[in-house]
Amino acid sequence: MGKNGSGKSTLTKVLVGHPHYEVTGGTILFKGEDLVDMEPEERSLAGLFMSFQAPIEIPGVSNFDFLLMAVNARREKSDLPALGPLEFYSVVSSKVDALKMDPKFLDRNVNEGFSGGERKRNEILQLSVIGADLALLDEIDSGLDVDAIEDVAIAVNGLLTPQNSVLMITHYQRLLDLIKPSYVHIMENGKIIKTGDSSIATQINEGGFKSIALV
């Protein structure tokens, strides 16, 4: 959490290797490996996933084909055989049902013509199908109505295991009521200035960031 412009989204983009950012020093250690010299696709295969604040359209590529290619890339890295379209459909259809999405979404091009809320659901569908050791979720609640936020929260909670983690950016208490955080970190000017439990989020919700004593 943090005020607008505090560096939250920048942090996640640097972690996944966004080309608009250059790391000029230091390391990013993830599962014993330094991510700094890895390409974005290598970081993905290493177990990172990012849900963007404003997901882009990919014209000409259907959701189904995109997800199938992504899943098979992960399987190839793990020396597992590729899934065929029919075999994969039985996997992805259950994920679509869990997010209460129309199965026709799979035939549509990635995010093309989608509303903001549909794009966010589609990002969580990608996460649920592809999986990740560390999922970076940038304001997944923005643009969603109350019911949609609950559906997304249920999906995210269902993905959490003792072997993986989620780093979530949000401005709102309502999401943290549904996805209980182990820790809440406050960012300012590109640095984490305070860490605590969910009570920090409650304080911010009631009194703004000025209510947080930086000790």
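I started with the strands and found an open sheet of 3 strands, in the order β3-β6-β7, with parallel pairing. I then looked at the edges: β3 (48–51) and β7 (165–169) each have a single partner strand, so one side of each is left without a neighbour in the sheet. From one strand to the next, the twist averages 15 degrees. A reminder to myself: this is a predicted model.

Next I looked up how β6 and β7 are joined. The two run parallel, and 5 bridges join them. I picked L136 to follow across, and its bridge partner in β7 is L167.

Then I turned to the nonpolar residues. In soluble globular proteins, nonpolar side chains tend to be buried together. Here, the largest nonpolar core has 42 residues. I noted the ones with the most contacts inside this core: L67, F88, V92, I124, L125, L137 and I140. Which elements give two or more residues to this core? My list reads α3 (63–77), α4, α5 (116–130), β6, α6, α7 (173–178), β8 (184–188) and α8 (199–207). The element that gives the most is α6, with 6 residues.

I zoomed in on V92 to see what surrounds this residue. Leaving out residues up to four places away in sequence, V92 touches F64, L67, L106 and V129. Another core, of 10 residues, lies apart from the largest one. Its members include L15, V16, M50 and L134.

My last stop was the backbone. Most residues other than glycine have a negative phi.

- K100 has a phi of about 55 degrees, a positive value, and is not a glycine. I found K100 in the loop between α4 (85–98) and β5 (109–110). Is K100 buried or exposed? Its relative accessibility is 63%, so K100 counts as exposed, the cut-off for that being over 50%.
- E139 also has a positive phi, of about 50 degrees, without being a glycine. I found E139 in the loop between β6 (134–138) and α6 (146–159). Is E139 buried or exposed? Its relative accessible area is 14%, so I put E139 down as buried, since that label applies under 20%.

To wrap up the page, I set the two side by side: K100 is exposed, whereas E139 is buried, and each sits in a loop.

How values were computed:
Residues are numbered from 1 along each chain as its sequence is written. This is a predicted model: local features need pLDDT of at least 70, side-chain atom pairs count only at pLDDT 80 or more; totals for chains, interfaces and linings use all residues. Side-chain values use heavy atoms; hydrogens and water are left out. Helices (H or I, at least four residues) and strands (E, at least two) are DSSP runs, numbered from the N terminus. Buried means under 20% relative accessible area, exposed over 50%, partly exposed in between (1.4 Å probe, protein chains only). Two strands pair if DSSP finds at least two bridges between them. Axes are lines fitted to C-alpha atoms, for helices over the stretch in contact, and angles run from 0 to 180 degrees between N-to-C directions. A nonpolar core is a set of buried Ala, Val, Leu, Ile, Met, Phe, Trp, Tyr and Cys residues joined through side-chain atoms within 4.5 Å. Contact means heavy atoms within 4.5 Å.
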